[in-house]
Amino acid sequence: MHCQCVHEFGQPLRPDDRPDMTPQGTEVIVAITAAGVCHTDLHVREGGYHLGHGRRLDFASRGISLPRVMGHEIAGRIVALGPEAGDLDTSRGYVIYPWIGCGSCALCAGGNEQLCTSPRFLGIHVDGGYATQVRVPHPKYLYEIGDIAPENAAPLACSGLTAFGALKKVEHTLKARPPLIIGAGGLGLMCAHLLSALEARAPVFVDIDPVKRQAALAAGACAAIDPGAPDAVEQIHAAAGGAPLAAIDFVGAEATAELGFNAVDKGGTYVIVGLFGGAAPWALPFIALRSLTIQGSYTGSPQDFAELMALAREGRISAIPTTRYRLDEAEDVLNRLAEGRIVGRAILTDT
Ligand SMILES: [Zn+2]
Ligand SMILES: [Zn+2]
């Protein structure tokens, strides 16, 4: 098998040829037909995140060893099943749930593998999708894609699931009043499509960029508001027919945290997904006085993914735009992504 591999943090990917994989136990070997290139991969290649104020989150000290094949948005076909993997239909296409945990801790047992403290995330802690083959520890992580093209199915495992996982946290509010979505980038727009698939209320968006506000309206928002306006909160309330019961923040900066917190109704929920950074801007007494829930959300659970894939197979989620590249262009694609020169989701595929 062939892969594009991180051998040293901060250095370009290098091609590797390795023997074809053989499955043990419950393992499944998948021949990759599409692998999405995600912003997270830029951080993996770099070896960490800059947290601001000169601080850095370092992957080497967090148990991420090298060499590593990146790529956590993976679709493909089964080529080999381990002796305990059971019967799977090898004629079908699958997308892989990549946020795999240890499988035995309380978080994993409770259905939240994405929160496991001994993660085995594909493309981050173990080898992933910038390759012709990937090893999956158990067939339960494979989800049928039906008629969906592999390049459209692969990004559902990351951007699709992250948007859906956030919506699931406030699902009980979504038919009663429009939610507030902060940030009309890829995840925010995915949320708009998912809300329509869930037959929920059309959301109110805020974004500082007028072009993105237009994109939000085109994706089905009932209003798109400039958060810099002095009466932004009043505009949000007017557009939603009252204070929103839920706000989902795909930016996660101090200014957006303040806006989301101020905009939601008493008893409401403010969900943080974005990792822009900074410190919490709220006065603590208001959390109690307004009985607010502040909820974090990171990707989504296997159950969330099962529900998302069911919606996708029914054709109820519009595909996000994708551009196809060859596997050996991975390094170039990452550089272009870092420079903002990729249109839509970049997909590596050699088929
Ligand atoms: Zn991702
Ligand atoms: Zn676990």
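Reader: Is His72 buried or exposed?
Author: This is a predicted model. Buried means under 20% relative accessible area. His72 has a relative accessible area of 0%, so His72 is buried.

Reader: Which atoms coordinate the zinc ion (ligand 1)?
Author: The donor residues are spaced C-x33-H-x85-C in sequence. Their distances to the zinc ion (ligand 1) run from 2.0 to 2.2 Å. The donor atoms are Cys38 (SG), His72 (NE2) and Cys158 (SG).

Reader: How many residues apart in sequence are the parts that Cys38 and His72 tie together?
Author: Both residues are donors of the zinc ion (ligand 1). Cys38 sits in the loop between strand E3 (28-37) and helix H1 (39-46), and His72 in the loop between E5 and E6, so the pair ties together parts that are 34 residues apart in sequence.

Reader: What is the relative accessibility of Cys38, and is Cys38 buried or exposed?
Author: The cut-off for buried is under 20%. Cys38 counts as buried, because its relative accessibility is 6%.

Reader: Which residues make the nonpolar surface patch of about 250 Å²?
Author: One of them is Leu107, found in helix H2 (residues 106-109). Leu107 counts as partly exposed, at 33% relative accessibility. The patch is made by Leu107, Leu115 and Tyr298.

Reader: Where is the cis peptide bond at Pro67, and what is its omega?
Author: Most peptide bonds are trans. Pro67 has its place in the loop between strand E5 (55-58) and strand E6 (73-81). The cis bond joins Leu66 and Pro67, with omega about -5°.

Reader: What is the phi of Glu199?
Author: Most residues other than glycine have a negative phi. Glu199 is found in the loop between helix H5 (186-197) and strand E11 (204-206). Glu199 counts as exposed, at 60% relative accessibility. Its phi is positive, about 55°.

Reader: What is the phi of Thr299, and is Thr299 buried or exposed?
Author: Thr299 lies in the loop between strand E15 (293-296) and helix H10 (302-313). Its phi is positive, near 45°. With a relative accessible area of 4%, Thr299 is buried.

Reader: Which backbone oxygen lies 2.8 Å from a polar atom of the side chain of Thr349?
Author: Thr349 is found in the segment after strand E17 (345-348). Thr349 is buried, with a relative accessible area of 9%. The backbone oxygen belongs to Thr33.

Reader: What distance separates the C-alpha atoms of Val30 and Val79?
Author: Val30 lies in strand E3. At 2% relative accessibility, Val30 counts as buried. Val30 and Val79 are 49 residues apart along the chain, and their C-alpha atoms are separated by 5.6 Å.

Reader: How many salt bridges are there?
Author: Side chains of opposite charge can pair when their charged atoms come close. The cut-off is a nitrogen to oxygen distance within 4 Å. Among the pairs is Glu339 with Arg341, at 2.7 Å. The count comes to 18 salt bridges.

Reader: How far apart are the closest N and O atoms of Asp89 and Arg92?
Author: Asp89 is partly exposed, at 32% relative accessible area. Arg92 also counts as partly exposed, at 40%. The closest N and O atoms of this salt bridge are 2.8 Å apart.

Reader: Which residue forms a salt bridge with Arg213?
Author: Arg213 is buried, with a relative accessible area of 17%. The closest N and O atoms of the bridge are 4.0 Å apart. The partner is Asp226.

Notes: Residues are numbered from 1 along each chain as its sequence is written. Chains are lettered from A and ligands numbered from 1 in the order in which they are written. This is a predicted model: local features need pLDDT of at least 70, side-chain atom pairs count only at pLDDT 80 or more; totals for chains, interfaces and linings use all residues. Side-chain values use heavy atoms; hydrogens and water are left out. Patches are made of residues with over 30% relative accessible area and no salt bridge: like charges are joined within 9 Å, nonpolar side chains (Val, Leu, Ile, Met, Phe, Trp, Tyr) within 5 Å. Accessible areas come from the Shrake-Rupley method with a 1.4 Å probe; for residues, only the protein chains shown count as cover. A salt bridge is a side-chain nitrogen of Lys or Arg within 4 Å of a carboxyl oxygen of Asp or Glu. Helices (H or I, at least four residues) and strands (E, at least two) are DSSP runs, numbered from the N terminus. Buried means under 20% relative accessible area, exposed over 50%, partly exposed in between (1.4 Å probe, protein chains only). A polar contact is a pair of N or O atoms within 3.5 Å; within protein, one must be able to donate a hydrogen and the other to accept it, and residues adjacent in sequence count only if both atoms are side-chain atoms. Donors are N, O and S atoms within 2.8 Å of the metal (3.2 Å for Na, K and Ca); water is not among the atoms, so sites may look incomplete.
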